[in-house]
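Please have the model open beside them as you read.

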Amino acid sequence: MRLFLPALACALSIGSIPSARSLIAPQSAPQASAGAGGEADLAGLVDASALVYVDLAGVAPVLKEGLGHPLIERLLDSDLVQTLLAQAPMTPEEALSLGQVLFGRPVLPTLAALTDEGLEFALGIKRGEPAYLLAARGSDAGLTRQVLEEVLSMVAEEHGADVDSFSEPHGSVRGLDTWYLGDEFALSIADGLLLISNDEGMLRDAIDRLIDGQGTSLLDNEGFRSARREHRQVAQLAWSWVDIDALEALDASATQDLRSLARSAPAHFLFGPAIASIGAAGQTTLALRLADTRIELVLEAAGIEGDPAARVLPKIGAAAAQPFAPSAEGAARGLFYRDLVGLFQNRTELFPAAVLPQFAEVTSNLALFFGGADISDEVLPALSPWIDLVVDEPLFLDGAVPDLPLPGAALVVLVDNASKVGPLLVGAFQTAIGIINVQGAQEMQPQLLLNLELVEGVTLTSAHFPLPGQGQGVDMRYNLEPACALVGDRFVLGSHRSLVAELVRRLKGGAADLGRDGATAGPSGERLRIAGSAFAKVIRANAAALELNAVLEEGKDPEVARGEIEALALVGELVQQLTLSTKRLDSDRVRVALVLDLAE
Amino acid sequence: MGSAAFTGVYDQAAAAHLLRRAGFGASREHLARALELGLDKTLAEVFAQREHDDSMRVGMERLLALEKVEPVQAHWMALLIANRAPLVERVALMWHNHFATSFDKVLDSRLMFGQIELFRAQGLGDFRVLLHSVARDPAMLLWLDGDQNRSGQPNENFAREVMELFGLGIGNYTEQDVSEAARAFTGWGVDKRQAKFRGQYHDGGEKRIFGQRANFAGEEAIDLVLSQPACSRHIARRLLSEFVVPDPDAADVEAWAEVLRDEDWNVARTLRRLLASQGFFSAKARRARIAGPVELLTSVCIALGARPAPSQLARAAASMGQALLRPPSVKGWDGGRTWIHAGSWLARHEFLSGLMRGEISGSPPDLAAAFGNPGRDKLVESALSLLLPDGVPIPFRETIEAASRDALDDEDAARRVATLILTAPEAHLI
């Protein structure tokens, strides 16, 4: 019976089948699902070939708390959201009240009740086309059915169809009431379980598994099972799993960009081995976790073992040989792992042939800086792969505070055989200044002036541009006042003399108390922490230029540009810190976590 | 042509002509206001509009720290389409072409910006003061090698251009005048972006310039140039070719040179008389010049309320042959017929068509509003009265009317009509 759109079909009363909840409850789970860990949920209802699975179990509790959820309250109280809401047509409370008037029931509590026993989504391929299945499980079966009927009526009304045509189910599948919306959607309901799919076959298969408890399902996928076993130990808002290998087998172009990450030299050098190796993953999971003042996004990539990208990851279980004592101060702080020797040694397998000549070029150019020394043999092996990064506000020379001031940054690395390699590094720094000056002279640019001084008994080499003329503006270049120093077996290289001098003082004052070989406590992965307030400060210090740039480059109205830059600064003030960390979990997996801590 | 005051009919076409030349055209509302005010009050308003939005200046001082010329080019385009000081910008553009200096050699965006600011600040004032200022402008000193002009090794570049291009014109000086003036200019250089006189490099000997002998310094050499009768004629010719006709005749040049001297070399007062003169409004002067890319793009944006990103406009002007702050040589842009060739015409056509289709700024200009919401039956009339008020040949009008009739809807009609008008040769004349 096709009443509305081409695929409308008949319905059957729910009373003729056993309670769906009894079918889906763990204690009475179907055989196949139970055999796969006793998890009789959507994962037990979809094919083992499913490509994507999303578990949104944590959504209902958040919906239940609504605007009273601590994190949402914090966001709503922030200057950023208040500023944005000032331009919005209504407040969140007003929007929810309007929703209640339109739908005849409170929006968030109703959504919570419809999903309080689970909300899941799976995507697979059926007959060569993407097919999905969405399952919402609510504890109030009557409410679920009532809301479904109301929504279907609204949809019918919206499409100018006969509202009554949705008052009864269009058919049944194994005794479950079923509605059809053209060829696009099929919905089945049993007790508090609502199943929605864009593929009737997928829906029927799911119902067969639900009732019979037989046949293979996603729960038979070992990779999926083991990934989910771990995730279930932590409360989270959402968790998703993607079978990259299966997706690639179906359509290689869909994973092309991701795969190229593992073979990208810029990705390895800039983002690091953990992020680059995500490109080699067979499966990935992504979890979103919320706390009172924290938002956490955790990505895990599995199946990297055997890929060349795994060879340049940190050793399993080893703590970092951190060159510098950790500190919470400063605009940003980072600890990175770059196995430069490994990258050079494995370059033919890691990178496309087209970029290999660039390695030879870099080696040759660097030899110039190092007075002819072979950097792959004499320099790189002496440098620790762990690199400490300190970002902070520098002290500029009097009269040379740039019109566009930027934070300064310094790197600290451990050096083996420092008495031999250290002078090579300092010499390379001085050579680099000389080369910059030669290039600058060709363009009639001011020259960097070299300076040597003693700081705490350590020779600090720095360079700076001559002071600009009074009232003549201070160019961007004055953000660069490069400096370096060798403090024992630690080499410090920074964008500003003041930053390097401060690090020298701290290292001489005992800040270099961490060991060289990982024997002492230290992190086992990379991390980068950025203070939101520092970000906001940079934005505010450069607001006039950023606004005008938006006007000139994007054609924005000055008022609009001003509002956007202010919003960006408020984002910085809302975020206490942003932390990006990576960790090698075992020989086959890496984890990348992004944590946003809101200011109290 | 002469300098007699205009006594003819000040109609819509006349008002549009005035606003095109004294600035960069007008929107429909602005044009209606100019007509309502009458010539004298409109001129008073044109000369009174001299201030830009201050936030544009504050932001630009910071952006200059990037040491790039592109923000300066885009900033100028932003000021042009903002249309808050049209005559100031028209005159600045004229002096930029007269004292043509290029970033490609100066390599300092702050100095280039400073030179344009100098034209904005002094361009309507006393030309003699302006010429002295330009002679001490750091960008000009670098551009014409003034900083390399030393006693015993004089560099004649600046002295030559002061006579040939800036003050007198070819035939009004001798080679000896150039070499002797170059000696007078020795010693000037640039230190930390400021002009600086270095006495040890100055040639303190006697020089003979224009038949006069003395130990002339640079300032005195400039004064000697300004004292030549050819100088006022040279500047009058520049004003006439910019504001009236591209090739003014000798009698007109002489007459306006006298006006310039009468007005004590004040450019604003001279222009005030020029823009109210019979010659300015003569039929010979109307649509007599081919619009340069910057003039064209600015006038289209102002007329139609289009607001592409200023950086896009600057790049478009460059693709049409006029990269601001990057004139091709010390002579500036040749202008006139050289603006139009196959490549530049295609660039103009593509940009204007793209602008009407919304491909340049993301959305097309609100043409209905720009034309005063005339409805389909009066669309062509409204569009022509704004964009080509001097009238068009009947066949062209029929073509536009047919395009309007055949359009899918009102919006499509306005887009077709505007595109046809703007890509017609007549719309590229100002």
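1. The lining of the largest pocket is made up of 37 nonpolar, four polar and three charged residues. Here Ala, Val, Leu, Ile, Met, Phe, Trp, Tyr, Cys and Pro count as nonpolar, Asp, Glu, Lys and Arg as charged, and the others, Gly among them, as polar. The pocket has 44 lining residues, with Leu340(A), Leu383(A), Ile387(A), Leu411(A) and Leu493(A) nearest its centre. Helix H19 (residues 418-442) of chain A provides the largest share, six residues, and the volume is about 1200 Å³.

2. A word on the basis of all this: the model is predicted, with local features needing pLDDT of at least 70 and side-chain atom pairs counting only at pLDDT 80 or more, while totals for chains, interfaces and linings use all residues. Residues are numbered from 1 along each chain as its sequence is written, chains are lettered from A and ligands numbered from 1 in the order in which they are written, and side-chain values use heavy atoms, leaving out hydrogens and water.

3. Points are joined across faces, edges and corners, and a volume is the space filled by probe spheres set on them. Helices (H or I, at least four residues) and strands (E, at least two) are DSSP runs, numbered from the N terminus.

4. What is the volume of the second largest pocket? It comes to about 1000 Å³. Its lining has 32 residues, and Asn97(B), Arg238(B), Ser241(B), Trp333(B) and Asp334(B) are the closest to its centre. By class, the lining splits into eleven nonpolar, ten polar and eleven charged residues. Helices H6 (86-98), H11 (157-167) and H14 (229-243) of chain B each contribute at least two residues, and H14(B) gives the most, with seven.

5. The largest cavity holds about 250 Å³. Of its 20 lining residues, Arg20(B), Ser299(B), Ala303(B), Leu386(B) and Leu387(B) are the closest to the centre. H18(B) supplies the largest share of this lining, four residues, and the lining as a whole has 16 nonpolar, two polar and two charged residues.

6. The second largest cavity contains about 80 Å³ of space. Among the residues lining it are Asp47(A), Lys126(A), Asp205(A) and Arg209(A). Strand E2 (118-126) and helix H9 (200-212) of chain A each bring at least two residues to this lining, which divides into five nonpolar, two polar and four charged.

7. On the surface, Met90(A), Leu98(A), Leu102(A), Phe103(A) and Met154(A) make up a nonpolar patch with about 460 Å² of accessible area together. Helix H6 (residues 92-103) of chain A gives the largest share, three residues, while Met154(A) sits in helix H8 (residues 141-158) of chain A. Such patches take residues with over 30% relative accessible area and no salt bridge, joining like charges within 9 Å and nonpolar side chains (Val, Leu, Ile, Met, Phe, Trp, Tyr) within 5 Å. The areas come from the Shrake-Rupley method with a 1.4 Å probe, and for residues only the protein chains shown count as cover.

8. Over all chains there are 69 salt bridges, each a side-chain nitrogen of Lys or Arg within 4 Å of a carboxyl oxygen of Asp or Glu. In one of them Asp264(B) pairs with Arg128(B), with the closest N and O atoms 3.0 Å apart. Asp264(B) is in the loop between helix H15 (250-262) and helix H16 (267-274) of chain B and Arg128(B) is in helix H9 (residues 127-135) of chain B, so the pair ties together parts 136 residues apart in sequence.

Definitions and conventions:
On a 1 Å grid over the protein atoms alone, a cavity is a set of points where a 1.4 Å probe fits but cannot get out, and a pocket is an open set with protein on both sides within 12 Å along at least five of seven lines; lining residues have an atom within 4 Å of a point.
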